[in-house]
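Visitor: I have a structure here that I would like to go through with you. Could you take my questions one by one?

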Amino acid sequence: MEYLALWMFLALTILLMAGFPVSYTLLGTALTFGVIGFGWSFFDLLPLRIWERMTNVTLIAVPTTTTFSINSGATGSSTGGGVMWSLPTDFTVTVSRGTGIND
């Protein structure tokens with residue numbers, strides 16, 4: 001049990017050098033050595049912890065904001081041209097030209 005971390009590092013290194021994909025190798029060695037070190041009873045509450053992370057509203061907002069930023073940058077709306085400039089409302093002119101105060 002004292003050398004479990006060393007054996008895990010050795011197995012990880014050998015599997016990566018053998019050419020297995022990094023994601024599957026990390027997952028497989030972590031689960032295998034987790035079961036060896038802690039037993040199956042340690043993983044009983046794992047589905048509940050995953051469900052808690054999936055339903056967290058704050059963590060859902062991060063990929064949504066990232067996707068919106070990428071899409072607005074690709075259309076050119078974040079630079080003042082593109083889709084937003086074709087809609088001449090007070091809000092879009094304010095956002096694309098600056099503060100909107102005494103323009």
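Visitor: Among contacts between residues at least 6 apart in sequence, what share joins residues at least 24 apart?
Guide: Happy to start there, and please keep in mind that this is a predicted model. The count takes contacts in the protein between residues at least 6 apart in sequence. Of these, the share joining residues at least 24 apart is 21%.

Visitor: Which residues does Met1 contact, leaving aside its neighbours within four places in sequence?
Guide: Met1 sits in the segment before α1. Gly37 is 36 residues away from Met1 in sequence, yet their C-alpha atoms are 7.1 Å apart in space. With the neighbours within four places set aside, the contacts of Met1 are Ile36 and Gly37.

Visitor: Is Met1 buried or exposed?
Guide: The cut-off for exposed is over 50% relative accessible area. Met1 has a relative accessibility of 72%, so Met1 counts as exposed.

Visitor: How are α1 and α2 oriented to each other?
Guide: The two helices, residues 4-18 for α1 and residues 22-38 for α2, pack with their axes 10 Å apart. Their angle is about 155°, and angles over 145 degrees count as roughly antiparallel. Therefore α1 and α2 are roughly antiparallel.

Visitor: How many charged residues does the contact of α1 with α2 have?
Guide: On the α1 side, the contact includes Leu4, Trp7 and Met8, while α2 brings Thr25, Phe33 and Gly37, among others. By class, 12 residues of this contact are nonpolar and three are polar.

Visitor: In which helix is confidence lowest?
Guide: For the protein, the mean pLDDT is 77, with 70% of residues at 70 or more. Confidence is highest in α1, at a mean of 95. Where pLDDT is low, predicted coordinates should not be read in detail. The lowest mean, 50, belongs to residues 90-97, helix α5.

Visitor: What percentage of the residues count as buried?
Guide: The protein has five helices and zero strands, and the cut-off for buried is under 20% relative accessible area. Of its 103 residues, the percentage that count as buried is 11%.

How values were computed
Residues numbered from 1 in each chain as written. Predicted model: local features only at pLDDT ≥ 70, side-chain atom pairs only at ≥ 80, totals over all residues. Heavy atoms only, no water. pLDDT = per-residue confidence, 0-100. Helix = DSSP H or I, 4+ residues; strand = E, 2+ residues; numbered from the N terminus. Axes fitted to C-alpha atoms, helices over the stretch in contact; angles between N-to-C directions. Parallel < 35°, antiparallel > 145°, perpendicular 65-115°, else oblique. Contact = heavy atoms within 4.5 Å. Nonpolar A, V, L, I, M, F, W, Y, C, P; charged D, E, K, R; others polar. Buried < 20%, exposed > 50% of the residue type's maximum accessible area, 1.4 Å probe, protein only.
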